[in-house]
Each structure stands twice: as C-alpha cells, then as structure tokens.
Amino acid sequence: MPELKAYNSAAYLQTRTVFYNNLTLKAGVRYDNISVKVPDYKTIPLKKDQEWLAIQGGNLDYSKASLNAALSYNIINEFNPYVSFSQGLSIYDLGRILRDAKSDVVSKIETDPVVTNNYEVGFTSKLGNNWNFRAAYFWSVAKLGSDLQAGEGGFWQVVRNPQRINGIELALDGKPIDWATVGGSFSSYEGKMKSDNSSSYDTYMSGLSIAAPKLSLFTTINPIKDLWVNLYYTHTSKRDRFTPTPNKAGVLTYQEGEGKVSPIDLFNLHTSYQYNKNIQLSLGIENLFNKTYYTSSSMLVARDAEYARGNGRYYTLSLIFNY
C-alpha cells in the first residue's frame, strides 16, 4: 500500500441533564473531518504474468456528524436500567482497499468509510454493600460494513457488504470476605453480513472480525498485610461457523480467516509483596499449569505458516526499588 498522510480534526459537544433526581439524559454530537492524501502508486501483482497497475493519487475527504444519546433510570441500587445509541465512523481498512484497487484513479475506488449505528440496552446493580453486577445486550448495523477474506497472493481483501453484529456482556465483582475479592465477565457476540444481491443477513463474518465467546474469572486475596495473590482464569469457547472445502490435493481445508476455533482454558498467577515503603517483590506465572494449546489467532487464520502453539509456563520475577 502507498504511504498515506492523514489529517484529522473533530469538534464535539456533550451534555448531561438530570430530571426528577433519578432520570439522567446524556446526549452529544461529534463532527469529524478526515483528509487523506494518497500519492501516485502501483498495486502489487498477484500472479507471475500480471502487470503492475498504476494508480493516480489524490485526496480522499470524509466528514460526518455522529450522534449519541443515553437514558438511564436510577431509582434503586438493585436495578438501574439504561438504553443508549451512538454512531461510529471508521476508515480502518483503507490501506487494504487501495492495495486491491482495480481502477486507475483513486477517486474511482470505493473508499467510503464504515458508518455504524450502535444500540445497547442493559442495567447495573449494586447488591448489598459488596457486590456489583452489570448486564447488557447490544447490536450494531452498518449499511456498508467491512470484513476480511483471503484473496489472491495471500493478501487479505476487504468485503464491503451490509453487516450486523449483536451480542451480550455480563460482569460481576464483589468481596465475599474482607480479605478477598472475586469477579468475572462473559462476552459473546456474532456477526453476519448480506452476500451479494441478498436481502437478508445470510453469511457469517470471518473470525478476523468476530471472536469466540470468552469467560474471564479472577480472585484477589490479601491473607496478610502487604501480600497480594491474584489468580486469573480465561476460557475461550469455540467458534465453528464455516465448512472446509477440498484443495487441489483433495484435502479438506478452511479458507483463511474461517478456521475452526477450539476451546482454550488458561490460568495465570501473580503475587506481590511490599517488603517496605521502598521495595516490592513480584512473581508472575503465565499458563500456570503448562497447558499445550494453539492460539485462537492461529486456528482461525488456518494458514500453515502461522499455525503455532501458545507459550508454555512462563515466569516473571521482578524487584521494584523506589528511592
């Protein structure tokens, strides 16, 4: 891709108003102005007999006013519901779009930004004096989305089709006893897009855009003064949305970005001891039980050269001295 120069400026106004002591309205607007200077450049030939394609550069200008609004009702600690709406603007995959150009002038290339409408509904709860809980359901819609798929020559290509993403998030933390804190979170979301000439969202988005569901748990204990022990557990669930197809040798293989992601369970431990006001000792152990596993990124990419295992048990010992 060519070397780009981008100039960004934005102005925003955000307000917050409370009605009747317990109804809160937040609203705002943000105006973005982005100017990208693209020099003359040549695309990369994807085949041996393919010629370079010379592209005439130019300026790409984007401007948009994005709105946001949220309404929350705070009446009792155990249940505080809210709804929110926001808009987003992104030119994240512009470089890949330019690299895959088929027109000889930048102004003829479809470089429209990704504009999303994001919605969320949920609630927060304070249970007693020691526990906090949060739940949310969200969805996001883009008339011209952005997803990646494998293309010729091993380069990712950007798919510009309408897309929709929806999911849930849950979080809980609290103190069951004075010297211990526990908590966790769970997130799961899915994304689909409309295939060419389709009126419905009939195609799953690749694993490069949509991750497998994830559960995280933690506990922090302070058994004696100045000693902290933290244990973290992470579970990445599976995502199996695509069907392998036979390659030239007849072997069933997944397209890049569509590989099956299998579950992973990992434990990490971190302890620290404040010896005095100047000295702190810390020990961290990643992959506490030395589990053998392949990373989620290597599984979903499904590319032989990047199919690699994650780190085994990994120690970090540190000494901090303040003076």
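Over the face of which residue does Lys 192 lie? The ring belongs to Tyr 204, and Lys 192 lies 4.6 Å from the ring centre. This is a predicted model. The briefing covers its salt bridges, its aromatic pairs and the charges placed over rings. Salt bridges come to nine, and aromatic pairs come to ten.

**Salt bridges**

- Side chains of opposite charge can pair when their charged atoms come close.
- Asp 100 and Lys 102 meet through their side chains in a salt bridge, at 3.0 Å from N to O.
- Asp 100 is partly exposed, because its relative accessibility is 24%.
- Lys 102 has 65% relative accessibility, so Lys 102 counts as exposed.
- Arg 134 and Glu 169 form a salt bridge with an N to O distance of 3.5 Å.
- Arg 134 belongs to strand β8 (residues 131-142) and Glu 169 to strand β11 (residues 163-177), so this pair ties together parts 35 residues apart in sequence.
- Both ends are partly exposed: Arg 134 at 30% relative accessibility, Glu 169 at 32%.
- Glu 190 and Arg 239 meet in a salt bridge at 2.6 Å, N to O.
- Glu 190 sits in strand β12 (residues 180-193), while Arg 239 sits in the loop between β15 (227-236) and β16 (245-246). The two are 49 residues apart, and the pair links distant parts of the chain.
- Glu 190 is buried, at a relative accessible area of 16%. Arg 239 is also buried, at 7% relative accessibility.
- Shared partners join salt bridges into one network of Glu 120, Arg 134 and Glu 169.

**Aromatic pairs**

- Among the ten aromatic pairs is that of Phe 85 and Tyr 119, which is tilted. The ring centres are 5.2 Å apart, with 45° between the planes.
- Phe 85 is in strand β6 (residues 80-90) and Tyr 119 is in strand β7 (residues 114-127), so the pair ties together parts 34 residues apart in sequence.
- Phe 85 is partly exposed, with 24% relative accessibility. Tyr 119 is partly exposed too, at 30%.

**Charges over rings**

- Lys 192 lies over the face of Tyr 204.
- Lys 194 places its charged end over the ring of Tyr 201, at 5.1 Å from the ring's centre.

Definitions and conventions
Residues are numbered from 1 along each chain as its sequence is written. This is a predicted model: local features need pLDDT of at least 70, side-chain atom pairs count only at pLDDT 80 or more; totals for chains, interfaces and linings use all residues. Side-chain values use heavy atoms; hydrogens and water are left out. A salt bridge is a side-chain nitrogen of Lys or Arg within 4 Å of a carboxyl oxygen of Asp or Glu. Buried means under 20% relative accessible area, exposed over 50%, partly exposed in between (1.4 Å probe, protein chains only). Helices (H or I, at least four residues) and strands (E, at least two) are DSSP runs, numbered from the N terminus. Rings of Phe, Tyr and Trp (its six-membered ring) pair if their centres lie within 6.5 Å; planes under 30 degrees apart count as stacked, over 60 as edge-to-face and the rest as tilted. A charge sits over a ring if NZ of Lys or CZ of Arg is within 6 Å of the ring centre and within 35 degrees of the ring normal.
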